[in-house]
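Morning, everyone. Please bring the structure up on your screens, and I'll walk you through it.

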Amino acid sequence: MIILNVIQVGTFLLLFVAFLCLFWIIRRPKPWKGIALLASFFVCSAPLLYALYDESKHNYLDANIGLGLAYIFTWGLTTLLAVIALFRTFFLRPYR
């Protein structure tokens, strides 16, 4: 159970860092852009939060496919956001 908690916290931290990197590369940050990114962070983490809530309330004896799909979705989204942030950092910013 401790390993699952470490994976949960690590997944949320990686997703948050990906959104934070995306916020840092915005050319002209405005308050509404930060609010929109924070809201999209909560929307993107909602499937994992619901799957973890469902797992804690209902202890199934078999494999929980929904929990695995929620992790795969979140990890894929985190990877996509990190790739977008890296692409924008290295290819779309003018060198100073």
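In which helix is leucine 20 found? Leucine 20 is found in helix H1. Helices here are DSSP runs of H or I with at least four residues, strands are runs of E with at least two, and both are numbered from the N terminus.

Before we go on, some ground rules. This is a predicted model, where local features need pLDDT of at least 70, side-chain atom pairs count only at pLDDT 80 or more, and totals for chains, interfaces and linings use all residues. Residues are numbered from 1 along each chain as its sequence is written, and side-chain values use heavy atoms, with hydrogens and water left out.

Now the overall layout. The chain has three helices and zero strands. Along the sequence, the pattern reads α-α-α. The C-alpha atoms fill a box of roughly 55 × 25 × 20 Å along the principal axes. The radius of gyration, taken over C-alpha atoms, is 16 Å. A compact globule of 96 residues would come out near 12 Å. That rule is 2.2 Å times the number of residues to the power 0.38.

How much of the chain is buried? Buried residues are 27% of the 96. Buried means under 20% relative accessible area, exposed means over 50%, and partly exposed lies in between, with a 1.4 Å probe and protein chains only. Back to leucine 20: it counts as partly exposed, because its relative accessibility is 29%.

Next, contacts, meaning heavy atoms within 4.5 Å. Take those between residues at least 6 apart in sequence: 70% join residues at least 24 apart.

On to the inside. In soluble globular proteins, nonpolar side chains tend to be buried together. A nonpolar core here is a set of buried Ala, Val, Leu, Ile, Met, Phe, Trp, Tyr and Cys residues joined through side-chain atoms within 4.5 Å. The largest one has 12 residues, including Leu15, Phe19, Phe41 and Leu81. Helix H1 (2-24), helix H2 (31-57) and helix H3 (65-91) each supply at least two residues of this core. H1 gives the most, with four. A second, separate core has seven residues, among them Phe12, Ala51, Leu52 and Tyr71.

Which residues does leucine 81 contact, leaving aside neighbours within four places in sequence? They are Leu15, Ala18, Phe19 and Leu22. Leucine 81 sits in helix H3. It counts as buried, because its relative accessibility is 9%.

Glutamine 8 is in helix H1. Is glutamine 8 buried or exposed? It is buried, because its relative accessible area is 18%. Not counting residues up to four places away in sequence, glutamine 8 touches Leu52 and Tyr71.

Last, the outside. Leu86, Phe87, Phe90, Phe91 and Leu92 form a nonpolar surface patch with about 550 Å² of accessible area together. Areas come from the Shrake-Rupley method with a 1.4 Å probe, and for residues only the protein chains shown count as cover. Patch residues have over 30% relative accessible area and no salt bridge, and nonpolar side chains (Val, Leu, Ile, Met, Phe, Trp, Tyr) are joined within 5 Å, like charges within 9 Å. A salt bridge is a side-chain nitrogen of Lys or Arg within 4 Å of a carboxyl oxygen of Asp or Glu. Phenylalanine 87 belongs to helix H3. It counts as partly exposed, because its relative accessibility is 43%.
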